[in-house]
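Please walk through the following model from its domains down to its sheets, helices and individual residues.

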Amino acid sequence: MTTELRVLDPSEWDRWFATLELAFGGLAEEPEERALWRDLTECGRSLAVWEGASPVATAGAFSFRLTVPGGASVPAAGVTMVSVAGTHRRRGLLTSMMRRQLDDVRAAGEPLAVLTASEPVIYGRFGYGAATWSQRTVIDTTRVRLDVPAGTDAVSLRMVPLAESSAVTEAVYARMVPRRPGMLARRPGWERLPLLDPPGSREGASPRLCVLAERDGEVVGYAYYAIKPDWSWAGADGAVTVHELYGLDPAAEAALWRFLCSVDLTSKVRVNSVPVDSAWQHLVSDVRRCEPAVREALFARLVDVGAALEARTYQAPVDVVFEVADAFCPWNAGRWRLSGDAKGASCSRTSDAADLALSVRELGAAYLGGTSLAALASAGRVTELREGALAEASLAFGSPVAPWLPHGF
Ligand SMILES: CC(=O)SCCNC(=O)CCNC(=O)[C@H](O)C(C)(C)COP(=O)(O)OP(=O)(O)OC[C@H]1O[C@@H](n2cnc3c(N)ncnc32)[C@H](O)[C@@H]1OP(=O)(O)O
C-alpha cells in the first residue's frame, strides 16, 4: 500500500497523537497533559503520513523564538512529536518528514530548527548538532552547607497557590529569557507548562508547590518544587524535587536554594535540569557530594547559515571563512565569510579560501556557545585550514552565560 504525507487536519489530532503515543511505548499521556499538547499543537505545521485511513508517522513544529548569544530573539522551528509506527520503521518515513519539514522551515524564513531527541543518534544525519547541555544533581543536604551572598537575608519568601502563581512567575520568566542563550520566549498557552502537575506523574510526591522570592514588595524570583516524604528507622529522609528555579539577582537565587535545601524532614534536593553554570555549585560547600551529571539537551540546525550566523553576536572579533558541508540542505553548502564582534555580524557567500572546514551539524552544535569549535576539532569534526582560525572562531563563538533549554517540548 502506498503512503501519503500531508499536513495535519485538526479533526485528525486524536488518531495522530495516538500514533505518537504507541511509538513511544503505548502509554497514554495523563489527560491534563494530553489536553495541553492538543492545545499547543500547531496543526498547520504538523505532518502526518497516512496509509489508507491510518496515520503511520507524525512530526510537528512549534513557532518558537530562541535567545541567541547577544540576547536577540530568533525565530526557530521547535521540531517535536516525531514518530514512525513500528510496522513502518526503517523505510525512510522519518527522512521524508525531515525533508518536507526543513523545506517548510526554510520557506517560512526561520533560520533555525531545534529539537530534543529521544535518542541522540537520530538527528545528526539531518544536520542537527548538540548545542546546549543540561545538568542534574542531587544535593545531599545533610552534608552540604550553603554560603550565600550578602543581601540574601533581605529576600523574603512567600508560598503562593499554584493556580495563582502564573501571573507573577511569568513576569520573572520573561525577564530571564533574554539573559541566557537557549531560553524560549513564551508563546500564548505555554505558560500552562510549569503548572502541569498530573497526579499520575507525581510518583508519591506532593502536588507542585510554588514559592516566591520578594524584596521590597517586588517579586525577584520563584521556584516550583515538590516534596516527597520518606521515613527510615533513622528518621525522616524526604526529598525535594526542583522543577524550576529563577532568581533575578544572586541574592534572590541564593535565597531560593537555601529555602529548598532546608525544607523540614528532607535530606536531599533533586534537580533535574539546570544550566551547567548554575549558581548552586558555587553556593554549596561540597559539590562532590552532589554528584552533578551533564548531558546534551537541545539540538540546533542552521536552516539558513547566513541568516543564523548574522542573528547572533560574537564575544570577540572574528573574521573567518567557513567551508560548510550540508548534504541534506544543499542551499547551505559552500564557503561563507563571517565577520563580527560583540555589536553584530555579517555573513555572506565568498569565493575566498576557507579557514575552517566543517559540516552544518558542527555549526549547529557551536551556534549557541555551549559546544566549542576547538573541542569539535579535537574530535576531528572541524578542520583548521588557516593557522589561528580555530582559536579565533572558537573564542568568538563562546558565551559567557552557558546556553540552556528551559523546558522540554
Ligand atoms: C524531536 C522528537 O520528537 S524525538 C522523537 C523521535 N521518536 C521516537 O524516538 C519514537 C520511536 N522511534 C520511531 O518512531 C522511529 O524509529 C524513528 C522516528 C526514530 C525513525 O523513523 P524511521 O522512519 O525508521 O527512520 P528512517 O527510515 O527515515 O531512517 C533514516 C536513517 O536513520 C536511521 N535511524 C532511524 N532511527 C534510528 C534510531 N533510533 N537509531 C539508529 N538509527 C536510526 C535509519 O537506520 C536510517 O539510516 P540509513 O539512512 O543509514 O539507512
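Domain bounds here come from an automatic or database domain assignment. For this protein the assignment gives domain 1 (4-110), domain 2 (135-296) and domain 3 (299-397). Residues are numbered from 1 along each chain as its sequence is written. The model is predicted: local features need pLDDT of at least 70, side-chain atom pairs count only at pLDDT 80 or more, and totals for chains, interfaces and linings use all residues.

Helices (H or I, at least four residues) and strands (E, at least two) are DSSP runs, numbered from the N terminus. Two strands pair if DSSP finds at least two bridges between them.

Alanine 76 has leucine 112 in β5 as its bridge partner.

Contact between two residues is taken as C-beta atoms, placed from the backbone, within 7 Å of each other. Axes are lines fitted to C-alpha atoms, for helices over the stretch in contact, and angles run from 0 to 180 degrees between N-to-C directions.

A residue is buried if 20 or more other C-beta atoms lie within 10 Å of its own, exposed if 12 or fewer, and partly exposed in between, with C-beta atoms placed from the backbone. Methionine 81 counts as buried because it has 21 C-beta neighbours inside 10 Å. Arginine 90, in the loop between β4 and α3, likewise is not a glycine and has a positive phi, of about 55 degrees. Arginine 90 is exposed, with 7 other C-beta atoms within 10 Å.

A residue is near a molecule or strand if its C-beta atom, placed from the backbone, lies within 6 Å of it. There are 22 residues around the ligand, of which Val82, Arg89, Leu94, Thr95 and Ser118 come nearest. The elements giving two or more residues to this shell are β4 and α3. Strand β4 supplies the largest share, 6 residues. For residue classes, Ala, Val, Leu, Ile, Met, Phe, Trp, Tyr, Cys and Pro count as nonpolar, Asp, Glu, Lys and Arg as charged, and the others, Gly among them, as polar. On that basis the shell has 12 nonpolar, 5 polar and 5 charged residues.

How far apart are the C-alpha centres of domain 1 and domain 3? They lie 29 Å apart. In the contact between these domains, 9 residues of domain 1 meet 8 residues of domain 3. On the domain 1 side, the largest share, 3 residues, comes from α3. That side divides into 6 nonpolar, 1 polar and 2 charged residues.

A further open sheet of 7 strands has the order β8-β9-β10-β13-β14-β7-β15, again with mixed pairing. Its edge strands are β8 (156-160) and β15 (293-296), each with a single partner strand, so one side of each is left without a neighbour in the sheet. Neighbouring strands of this sheet are turned by 25 degrees against each other on average, direction ignored.

Strands β9 (residues 209-215) and β10 (residues 218-228) run antiparallel and are joined by 7 bridges. They form a hairpin with 2 residues between them, and aspartate 216 in the turn has a positive phi of about 50 degrees. Valine 211 stands opposite alanine 223 in β10. On to the next pair: β10 and β13 (residues 238-247) are antiparallel over 8 bridges. Lysine 228 has alanine 239 in β13 as its bridge partner, and alanine 223 has leucine 245 in β13.

Helix α4 (residues 162-176) packs on this sheet, touching β8, β9, β10 and β13, and its direction makes about 125 degrees with that of β10. Helix α5 (residues 250-260) packs on the sheet as well, touching β8, β9, β10, β13 and β14 (266-274), with a direction at about 20 degrees to that of β10.
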